[in-house]
Amino acid sequence: MRHTLHIIIIITMACLAACSRHYDRRLITAESVMTEHPDSALAILQAIDSTSISSEKDRALFALLMTQALDKNHINITDDSLITIAADYYSHQDDRHRDMLSHYYLGRVHFNAADYPRSLLSMHNAHETATDINDKFWCAMTAKGCAAVYNATFKTTEALIYSHIEYDFFAALKLQPYLDQSMSELAQAHLYYGDYDRSIDLSRQLLDTLAIRPDKTLEYEAKKNIGQTLIEQDKYTEAVPYLEYICKTDMASSQDSSFLGLVYSRTGQLEKAQKISDAIESHKDLHSYYLKYDVSKANGSLTDALTALKSYDSIASLNLNERIKTDLGTSVIGYYSYKNKLIENDIQLAKFRMIIILIIGVIVLTIIVYIALRYYRKQKRQISESMLIAENMKEILTLKEHECSAAQHSIRELINTKFDLFDNLFKAYYESQHSSSAKKHISNEVQRIIDTLSSDSSTALQLEQDIDEHCSGIMSHFRHDMPNLKVADYRLFLYSVLGFSTTAISLFLKVDKINSVYDRKKRLKIKIKQSESNRKDEYLQYLN
């Protein structure tokens, strides 16, 4: 049972070790420097041969980090084939942080490709995940992504909502420069929403902050917001200095120039307005046509004004059609349908996992019960065997007790026999101690004993039986192993087993010379040695 448990533990540990393999260390290094040094992270990732990445988890992390590094280094990508690898992988893993990041950057790629519905879908997914895991920084970043999509599709109400969410999270974190950037974006959202006073307040608050922490990009955006807001409020004269400032920066666009030309036209500075209109006429966009229309109308060139207005209306109609085609409502519905499908899949997966766990539990329980039953049966069998051995021992003990009792009886009979000899001698001595014939009487008694031991076959047979009983059947084995010996040889072996001296044996065998006994014993030893008996060593020890 113990060995079985050890095997189960080893298998479990091996499975856990296989499931917990680390990511490629180069990927982990790139990920660790991504925030502070995105250029270094990009260099590390570009040095990796993507075709050499074998594991699915490493491929997913590489796809995520490469897209993130390119985005942070301001390299716009519009092909979603790479980041989709990460999004698909982490959607089915427990790593919710990387799941959120992969959907955020999938949204960024779709935004770059002007695929706003799919971008919004991914951004919403990332925002919900960030909220679930309570990651305030990424709650702000994903809200920023959602606001960008809504701004791009002219959904000003939703853009304002998510810009507020972005700003509130960064304000709670007190994290710069993100807080200043979010304030600029919130001011722009209020502008597009039509809340002009709030937009100007936020922009001026930002400019006050930038007086302490200068940032040319944010200063450009703040003054641009103020200039555009003042135009919307028909405060053209106040807008002039802000728009003149931004048009002198390296960041100025043709749109900025068109706004400056418009305020020049509306403030009577037609020469400056005409000059700007001529400079940007080649762009042939919405802003250049509107400026040309406004300047031509101010100059009294109604034909040019009408032509420019028609071009403006044509482009505006195209933009309107694009806005109509971009149905974000359908996208949001699709997003929640997608979420519901994911929930259904998770439920199915949970049911499948529960079934697997139950099956494993039943198997483990069955194994434990089987092992326990085997152990119980083994113990029961051992107890039965022990009881049987105990019964056998009891029977053997009883048998030995009977044998011991019989041996004691035989010993008593033998002692009585021996003492009968001495009793007869003592009796003869007692009866003859005052007689001159005492010695003769005792001598006759001793002679009678010698004759009994040497000539009486029944006495010899009794002695052999006694020896067999107490010496493991030695005489019977001897007669069986040495069948062709003389009677004297058998008697010699018998007397030797009884422990009689050579002198006594010579009397029992009735030989005159003691050397005759030695010679017979020597010949008997030779015969025993030449025999094939397994007991020859035992026989010889009695003759030594």
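**Exercise 1. Find how many salt bridges the structure holds, then work through the one between D80 and R118.**

Step 1. The structure holds 16 salt bridges, each being a side-chain nitrogen of Lys or Arg within 4 Å of a carboxyl oxygen of Asp or Glu. This is a predicted model, where local features need pLDDT of at least 70 and side-chain atom pairs count only at pLDDT 80 or more, while totals for chains, interfaces and linings use all residues. Residues are numbered from 1 along each chain as its sequence is written, and side-chain values use heavy atoms, leaving out hydrogens and water.

Step 2. In the bridge between D80 and R118, the closest N and O atoms are 3.2 Å apart.

Step 3. D80 sits in the loop between α4 (56-72) and α5 (81-90) and R118 in helix α7 (residues 116-132), so this pair ties together parts 38 residues apart in sequence. Helices here are DSSP runs (H or I, at least four residues), numbered from the N terminus.

**Exercise 2. Work out which parts the salt bridge between D256 and K224 ties together, and whether each residue is buried or exposed.**

Step 1. The closest N and O atoms of D256 and K224 are 3.3 Å apart.

Step 2. D256 belongs to helix α14 and K224 to helix α12, so the bridge joins parts that are 32 residues apart in sequence.

Step 3. D256 is buried at 0% relative accessible area, and K224 is buried at 16%. Buried means under 20% relative accessible area, exposed over 50%, and partly exposed in between (1.4 Å probe, protein chains only).

Definitions and conventions. Helix = DSSP H or I, 4+ residues; strand = E, 2+ residues; numbered from the N terminus.
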